[in-house]
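Thanks for coming. I will go through one structure today, starting with its charged side chains and then moving to the backbone and the core.

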Amino acid sequence: MAGGASAVLCLKPDDIFVGLTAEIEQCVERQHVDQFAALTGDVSPIHMDDGAARERGFEGRVVHGMLIGGFISRLFGLRLPGLDCILQSINLRWIEPLYIGDTIRIQATVAQWSSAAEVFVANVEVIRPRTQTIVAKGKVQAGFTRSRT
């Protein structure tokens, strides 16, 4: 089920299986970082000032790691399983800095599935396609919301 971010899915528990994969791509723009900083109050100089980031050994402003987490949330909320998703946990390890203007591909693959609990664990990788380097990776546990009607 690989594909772009344009399709919104609403998979059901019967659609989930080990090996099911979904992905999205995202170019991280200056406005994303600025808006994230404004919303969270995380205005650390490495995120907000090119010069300060360079003084600390980076190529330029570093994208907030949790902004990447937000893009991961979008993948699950719109693609795997989609509109009925409820995230239960995200365990993410940042491996390389991500910079404004970088494009990332976020790929998730179902590694464990409990049909009885309707919960799955997916391995997630955040890849910079330009260099094929892994920026971050981890695991997400998700389940399904229930209709209240």
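Glu96, Asp102, Arg128 and Arg130 are linked in a network of salt bridges. By salt bridge I mean a side-chain nitrogen of Lys or Arg within 4 Å of a carboxyl oxygen of Asp or Glu. Before going on, the origin of the numbers: this is a predicted model, where local features need pLDDT of at least 70 and side-chain atom pairs count only at pLDDT 80 or more, while totals for chains, interfaces and linings use all residues. Residues are numbered from 1 along each chain as its sequence is written, and side-chain values use heavy atoms, with hydrogens and water left out.

Arginine 128 pairs with aspartate 102, and their closest N and O atoms are 3.1 Å apart. This pair joins distant parts of the chain: arginine 128 is in strand β4, residues 119-128, and aspartate 102 is in the loop between β2 and β3 (103-114), 26 residues apart. Helices (H or I, at least four residues) and strands (E, at least two) are DSSP runs here, numbered from the N terminus.

Are these two residues buried or exposed? Arginine 128 counts as buried because its relative accessibility is 5%, and aspartate 102 counts as buried at 9%. The cut-offs are under 20% relative accessible area for buried, over 50% for exposed, and partly exposed in between, with a 1.4 Å probe and protein chains only.

Aspartate 102 also forms a salt bridge with arginine 130, at 3.4 Å from N to O. Arginine 130 sits in the loop between β4 and β5 (133-144), 28 residues from aspartate 102. Arginine 130 has 65% relative accessibility, so it counts as exposed.

How many salt bridges does the structure hold? It holds five. Another one of them is between the side chains of lysine 12 and aspartate 84, at 2.8 Å from N to O. Here too the pair links distant parts of the chain, with lysine 12 in the segment before β1 (21-27) and aspartate 84 in the loop between α4 (65-78) and β2 (85-94), 72 residues apart. Lysine 12 is partly exposed at 41% relative accessibility, whereas aspartate 84 is buried at 19%.

Now the backbone. Leucine 80 and proline 81 are joined by a cis peptide bond, with omega about 5 degrees. Proline 81 is in the loop between α4 and β2.

Which residues other than glycine have a positive phi? Glutamate 118 is one, with phi near 55 degrees, and glutamine 132 is another, at about 60 degrees. Glutamate 118 lies in the loop between β3 and β4 and is buried, at 17% relative accessibility. Glutamine 132 lies in the loop between β4 and β5 and is exposed, at 51%.

Last, the core. In soluble globular proteins, nonpolar side chains tend to be buried together. A nonpolar core here is a set of buried Ala, Val, Leu, Ile, Met, Phe, Trp, Tyr and Cys residues joined through side-chain atoms within 4.5 Å. The largest one has 32 residues, of which Ile72, Phe76, Leu80 and Ile106 touch the most other members. Two or more residues come from each of β1, α1 (30-40), α4, β2, β3, β4 and β5, and α4 gives the most, with six.

Take phenylalanine 76. Leaving aside neighbours within four places in sequence, its contacts (heavy atoms within 4.5 Å) include Pro81, Cys85, Leu87, Phe120 and Val140. Proline 81 is the residue from the cis peptide bond with leucine 80.
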